[in-house]
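Q: Could you take me through this structure and show me how its features are to be read, one at a time?

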Amino acid sequence: MQPPTGKLYRWQECAEFDIEKIQELYREYFNKSQVELIGSFGFGRAVASHAEGMYIYTSDGRKILDFTGGIGVLNHGHNHPRILAARVEFQKQKKMEVHKNFLSPYIAGLSHNIARLMPEDLNISFFCNSGAEAVEGAVKLAYKYHDGDRKHILHADISFHGKLLGAAGLTGSPELVYNFPTIPNIECFEYGNIESIKDLVAKIRKPNGKSDIYAIILEPFSASSLRECSADFLKELRGICSGEGIILIFDEVYTGWAKTGELFNFIGKGAIPDIVTFSKSFGGGKSSISGYTTRTPLFRKAYDNLNEATLHSTTFSGFGEECITAIEAINIIVDDDYVGKSKRIHLRLSNGLKRLQGKYPDLINDVRGSGALHGVIFNKDINSFVKSLISLIPAKVFKDERFLSKLITGSVISELFSAHNVLTFFGDNREISLIISPSLIVSDEELDTFLDALDRTLAIGKLTLILNFLKQKVLKK
Ligand SMILES: Cc1ncc(COP(=O)(O)O)c(C=O)c1O
């Protein structure tokens, strides 16, 4: 083998890199624009040294209250002791990871546990490693169930299903700005509008009058826009799908595992899907595992024969340590009543945010959310002084019609981090929102600390917030 063209780093050396070194290597070897993008914020210029529970500790000694919930991944908080213990034990016992020749006891146990928690005959699971893979697995299953006989799939105009070619084609979000090719025959309905689905279902038919739609995919709660479908809408949709033989897929990659007040958002709404996808906190914050669960007859018809049993699989599907982490993650969710925690968080957070909306009516247009996933939508009107200031910003950026919303939301995020040691992020769909998505281990005191920090941030007013943001962007402090 040719010797490397330079020194190779050990991981311990990487852990000691300062921000200049990380940025230099990103610019050279990873993604230069990502440095500029995240570098606009204080956290883009900090190094996270370690994290525990609700907190991230930076190498310059700051303790940051993490209200991002790891963008859905951290329902259990950072480095939950039971998750760490399970993984350490698994490693100590030198358990086997790859199970292509042997059947895996962990796949067996994990799929059993999920079936025990899912309603009706949602009994059969498949595991992979990202949300988009789970979505595409579900879409393939629906297509295969109809044996390729139906050609169309419907999705909502407000949706996020991932960035692979198929999942991105099913996504309705201005975030995905480039038109990649995708799977054929995708049609779009209006989120939450049953009439717009009925119109498409009536229209998309074969010459014999039967439906030509193999699946409808929907987020019952759209994490990127914080909008939620009503129980009536979901029930009617369920009825349409059952009547027409259309496979109903609920994408709960973000909302699954108790994020929005129930174990899954659809629970209790009177509409059970044929396939549900999940990921994020399924891995307990440590494992990149995702999957779908489907009804037994559906899976049996699609894949249950010797030729096609492995028609849909990946190298890492059902990897040992990922599966045991998910088993532990689910047990914690049940043992520690994460559904109850999510409901408690909902009450305190939504009351607190509504109170702030009442206090700052000129700043806040809307607050909405469920469980531990809420958003604040800011009023994007700004005065002429700020307008003239930001017109100095390169024209291409300024032409983005959502730029002002991004600027205001970004200014709040920046101030929360710089002045109050609180980490948040923004949601990017039709509207830009400040996303508040704490882990389910958050305490009442931490919720109050966050609400107080947001109150004090908004109290300084829109102009000062924007000026502070632009100042720290220029000074890079
Ligand atoms: C609802 C939903 N579906 C799918 C995805 C895609 O997941 P991934 O980024 O792991 O591919 C996401 C990611 O945020 C999501 O929120």
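Q: Does Thr-277 count as buried or exposed, and what is its relative accessibility?
A: In this predicted model, the reading rests on a cut-off, since a residue is called buried when its relative accessible area is under 20%. Thr-277 has a relative accessibility of 0%, and therefore counts as buried. The residue lies in strand 11, which covers residues 275-278.

Q: Which residues does Thr-277 touch, leaving aside those up to four places away in sequence?
A: Thr-277 touches Ala-134, Val-135 and Ala-138, then the run Ile-249, Phe-250, Asp-251, Glu-252 and Val-253, and also Gly-291 and Tyr-292.

Q: What share of the residues of the protein chain is buried, and how does the chain's extent agree with that of a compact globule?
A: Of the 477 residues in the protein chain, 52% count as buried. For that number of residues a compact globule would have a radius of gyration near 23 Å, and the protein chain, with 23 Å, agrees with this expectation. Taken along the principal axes, the box that the C-alpha atoms fill is roughly 65 × 55 × 50 Å. The accessible surface of the protein chain is about 22400 Å², and carbon and sulfur atoms account for 55% of that surface.

Q: How many helices and strands are there, and what part of the contacts join residues at least 24 apart?
A: The protein chain has 17 helices and 17 strands. When contacts between residues at least 6 apart in sequence are considered, 72% of them join residues at least 24 apart.

Q: How do I read the pairing of strand 2 and strand 3?
A: One looks at the direction of the strands and at the bridges between them: strand 2 (residues 55-58) and strand 3 (residues 63-66) run antiparallel and are joined by three bridges. Ile-56 stands opposite Ile-64 of strand 3. The two strands form a hairpin with four residues between them, and in that turn Gly-61 has a positive phi of about 90°.

Q: In which sense does strand 3 pair with strand 15?
A: Strand 3 and strand 15 (residues 422-423) pair in the parallel sense, over two bridges, and Leu-65 has Val-422 in strand 15 as its bridge partner.

Q: Why can charged side chains pair at all, and how many salt bridges does the structure hold?
A: Side chains that carry opposite charge can pair when their charged atoms come close. The structure holds 28 salt bridges. One of them joins Arg-402 and Asp-428, whose side chains meet at 2.4 Å from N to O. Arg-402 lies in the loop between helix 14 (395-399) and helix 15 (403-420), whereas Asp-428 belongs to strand 16 (residues 425-428), so the pair ties together parts that are 26 residues apart in sequence. Both Arg-402 and Asp-428 are buried.

Q: How far apart in helix 16 are Arg-456 and Asp-452?
A: Arg-456 and Asp-452 are four residues apart in helix 16 (residues 444-459), which means that about one helical turn separates them. Their side chains meet in a salt bridge, at 3.3 Å from N to O. Arg-456 is partly exposed, with a relative accessible area of 48%, and Asp-452, at 37% relative accessibility, also counts as partly exposed.

Q: Which residues are linked with Glu-120 in a network of salt bridges, and where does Glu-120 lie?
A: The network links Glu-120, Asp-121, Arg-238, Asp-274 and Arg-295. Glu-120 lies in the loop between helix 5 (105-117) and strand 4 (122-128), and is exposed, with a relative accessible area of 56%. The phi of Glu-120 is near 45°, a positive value in a residue other than glycine.

Q: What is the phi of Leu-226, and is Leu-226 buried or exposed?
A: Leu-226 has a phi near 60°, again a positive value in a residue other than glycine. Leu-226 is found in the loop between strand 8 (221-222) and strand 9 (227-228), and at 3% relative accessibility this residue counts as buried.

Q: Which residues form the nonpolar patch on the surface?
A: The nonpolar patch is formed by Leu-165, Val-177, Tyr-178 and Phe-180, which together have about 520 Å² of accessible area. Leu-165 is found in helix 7, residues 165-169.

Definitions and conventions: Residues are numbered from 1 along each chain as its sequence is written. This is a predicted model: local features need pLDDT of at least 70, side-chain atom pairs count only at pLDDT 80 or more; totals for chains, interfaces and linings use all residues. Side-chain values use heavy atoms; hydrogens and water are left out. Patches are made of residues with over 30% relative accessible area and no salt bridge: like charges are joined within 9 Å, nonpolar side chains (Val, Leu, Ile, Met, Phe, Trp, Tyr) within 5 Å. Accessible areas come from the Shrake-Rupley method with a 1.4 Å probe; for residues, only the protein chains shown count as cover. A salt bridge is a side-chain nitrogen of Lys or Arg within 4 Å of a carboxyl oxygen of Asp or Glu. The radius of gyration is taken over C-alpha atoms; the globule rule is 2.2 Å times the number of residues to the power 0.38. Buried means under 20% relative accessible area, exposed over 50%, partly exposed in between (1.4 Å probe, protein chains only). Contact means heavy atoms within 4.5 Å. Two strands pair if DSSP finds at least two bridges between them.
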